[in-house]
Amino acid sequence: MLRALTVIMLSIFFMTACGLQMDKYQGQTSRDDVENMGMNERVTTDTENPRLIKYVGDTWGLKQDRELIKKTVNDMPGVTVKRVIIEASRVWVTVDIDGEDKLSKAELEDWKDEIHQAVYKAVPRYDINVKVS
């Protein structure tokens, strides 16, 4: 009986002693770490989420998408952009084609398809509508 009690006491002692070495445990987080998780180095209420609208950079955003669409379409010979409207997931591109009054309906549709493909390659996340005026 004494032997069993000694074994139980020693096993409890060793198990609790191993569990108390928290400073050497890799996954340890303190209360301060949990409270400040996701916060900047300085104490603020802002998070470092790059998808927030106030952290729009030079690589994404409506202004950058609009400029990319204009540049892409203006690089096509004989085509100039009159207007680009972006609303949610839709884009309306209004263009002017040199000599459009001399083109047939089929040729205008070919131009629209070509412009649509160019805009889609530049910004594929939008539903694109092309209007020739």
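## Basis of the model

The model is predicted: local features need pLDDT of at least 70, and side-chain atom pairs count only at pLDDT 80 or more, whereas totals for chains, interfaces and linings use all residues. Residues are numbered from 1 along each chain as its sequence is written, and side-chain values use heavy atoms, with hydrogens and water left out.

## Overall architecture

The chain contains four helices and three strands, where helices (H or I, at least four residues) and strands (E, at least two) are DSSP runs numbered from the N terminus. In sequence order, the elements follow the pattern α-α-α-β-β-α-β.

Of the 133 residues, 18% count as buried; buried means under 20% relative accessible area, exposed over 50%, and partly exposed in between (1.4 Å probe, protein chains only). The chain exposes about 10700 Å², of which carbon and sulfur atoms supply 56%. Accessible areas come from the Shrake-Rupley method with a 1.4 Å probe, and for residues only the protein chains shown count as cover. Among the contacts (heavy atoms within 4.5 Å) with a separation of 6 or more, 43% are between residues 24 or more positions apart.

Val95 belongs to strand S2 (residues 90-97). With a relative accessibility of 0%, Val95 is classed as buried.

Beyond its neighbours within four places in sequence, Val95 is in contact with Val73, Val79, Thr80, Val81, Lys82, Ile115, Val130, Lys131, Val132 and Ser133. One of these residues, Thr80, is 15 residues from Val95 along the chain, and their C-alpha atoms are separated by 5.6 Å.

## Salt bridges

Three salt bridges are found in the whole structure, each defined as a side-chain nitrogen of Lys or Arg within 4 Å of a carboxyl oxygen of Asp or Glu. Arg125 pairs with Asp65, with the closest N and O atoms 2.7 Å apart. This pair links distant parts of the chain, 60 residues apart: Arg125 is in the loop between H4 and strand S3 (127-132), while Asp65 is in helix H3 (residues 62-74). Asp65 is buried, at 5% relative accessible area.

A second salt bridge joins the side chains of Lys71 and Asp75, at 3.3 Å from N to O. Both partners are exposed: Lys71 has 52% relative accessibility, and Asp75 has a relative accessible area of 54%. Glu109 and Lys112 also meet through their side chains in a salt bridge, at 3.7 Å from N to O. Glu109 and Lys112 are separated by about one helical turn because they are three residues apart in helix H4. Glu109 is partly exposed at 41%, and Lys112 is partly exposed at 24%.

## Surface patches

Patches are made of residues with over 30% relative accessible area and no salt bridge; like charges are joined within 9 Å, and nonpolar side chains (Val, Leu, Ile, Met, Phe, Trp, Tyr) within 5 Å. A nonpolar surface patch is formed by Leu2, Leu5 and Met9, which together have about 350 Å² of accessible area. Met9 lies in helix H1 (residues 2-19) and is exposed, at 52% relative accessible area.

A patch of negative charge on the surface comprises Glu107, Asp110, Asp113 and Glu114. Lys and Arg count as positive and Asp and Glu as negative, while His and the chain ends are not counted; the place of a charge is taken as NZ of Lys, CZ of Arg, CG of Asp or CD of Glu. Asp113 is located in helix H4 (residues 105-122) and is partly exposed, at 47% relative accessibility.
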